[in-house]
Amino acid sequence: MGRSNEQAVEASPAVPGCALTELEELMVRYQQADEAGARSLIERLSPQLFRFFAAQLGNPEDAGDMLQEAWLRIHRVRHTYRAGDPLLPWVYAIARCVRVDSYRKRRRIAVREVAVDVLPEKAIEGAQGNDLPAFEKLIAPLPASQREVLTMLKVNGLSLEEIALATSSSVGSVKQKAHRAYQSLRGLLAPPRNTKREAT
Amino acid sequence: MTGSGMNRDIDQLLASHPLPSLRSDRLKQVETAVLGDLKPVRPLAPEGAYLAAIAGIFIAVFSLGCYLTGQHGWHALSELQKFAVFVPLAASVALLAFSVVRQMSPARKLARSSALISAVLFVALLLAMLAVFQPAQESAFVRHGMACFRTGMAFAIPAALLFALPLHRGAGLSPVLTGATAGGLAGLAGLAVLEIHCPNLNVFHIVVWHVSVTVVCVVAGLIFSSVTFRRWNANH
């Protein structure tokens, strides 16, 4: 999903002798302040990043804010990308940091603020024109770490190795989280067979 | 696993569930924010260069410390004590250096786990010191101790400033961890100098006044990086 355009290209003109993918080449051009390259990179990565945030937050407005924050953070630390390293894990590692920081910030604000009125909920599902519940609602019961792995795997199309790099963990750990997420989802979606036992 | 028959139903279900799309005005906002401040940047040097720089700084500070303060402590230590002190100390330094270099770029394996292992090694060093050194009566525990603490800090502070030179470019993503790790490296440089210099083998003296150099440096690195990061964030 979202990576169909990413194909290996011949030796990049930006880094002679180093074969980079198209996205990685755009990143190198972004580091060199090439405006077209930077714009192209933003246009290619932003929808993926937005889905990454939206799938875990459930609020498109917050996901949009976080996307902007993620790009500002990427911009600040763009020199830490080394040509030849895989780009997507680098980007998602930063996106994870932004999400965690934002979560902490929201918690701090929530503790200080007192709700004065109930705001109307935004009609996210209606806007999609689809009767199915949104993806984020489907995975909402899962623990945060499993939600994150599942989102990277199914929404952003990252490989297990890329997720392991982005989350600074091992491939085995990522596999385990994905497996548990699948198990939990299967349990949640299974028809209720044990209603009698629960009633007793 | 994801392509297996068992999970195909879940895959299809996940694929069929909608996700909101990114609005074009949001994308424009991002482009304006990023492209408005577009300047060329120099990518980080290879990890090996940073490791060499850290090793060079550590060895330089340690050698200078040994040269200026003398090696009375080294001569007073038994073979077992030398082994118990310097092997975990060297392992801690190596792992911390590896960890801090890995932290400089996002999505690097073993960055946090090496810092954790290094912390465990530091505790092992502390336990080894407790095991191989004996308690002794001291008439001027605080006065002698403060002299050692000052000596340790006199080498740890310049080491911290020198470590900050190569490491500051990579402290953007996890500045607090980087600050604490760099502080730890500087503190270990001070501790290494003290272990070579100080002939006092009283376990309380070593644990309270020598080890505290490292602990103070870690805490100082943590506080300094946290405050600097907060200010930097407020200005950007």
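Chain A and chain B bury about 5,100 Å² between them, 67% of it on carbon and sulfur atoms, where buried area is the accessible area (1.4 Å probe) that two parts lose on being put together, summed over both. This is a predicted model, in which local features need pLDDT of at least 70 and side-chain atom pairs count only at pLDDT 80 or more, while totals for chains, interfaces and linings use all residues. Residues are numbered from 1 along each chain as its sequence is written, chains are lettered from A in the order in which they are written, and side-chain values use heavy atoms, with hydrogens and water left out.

Across this interface, 63 residues of chain A are in contact (heavy atoms within 4.5 Å) with 48 residues of chain B. There are 5 salt bridges between the two chains, a salt bridge being a side-chain nitrogen of Lys or Arg within 4 Å of a carboxyl oxygen of Asp or Glu. One links B:R23 with A:E61, whose closest N and O atoms are 2.8 Å apart. By class, the side of chain A that touches chain B has 34 nonpolar, 13 polar and 16 charged residues; here Ala, Val, Leu, Ile, Met, Phe, Trp, Tyr, Cys and Pro count as nonpolar, Asp, Glu, Lys and Arg as charged, and the others, Gly among them, as polar.

Within chain B, helix α7 (residues 141-167) packs with helix α8 (residues 175-197) at an angle of about 145°, their axes lying 7 Å apart. Helices are DSSP runs (H or I, at least four residues), numbered from the N terminus, and axes are lines fitted to C-alpha atoms over the stretch in contact, with angles running from 0 to 180 degrees between N-to-C directions. The residues of this contact divide into 13 nonpolar, 5 polar and no charged.

How values were computed: Helix = DSSP H or I, 4+ residues; strand = E, 2+ residues; numbered from the N terminus.
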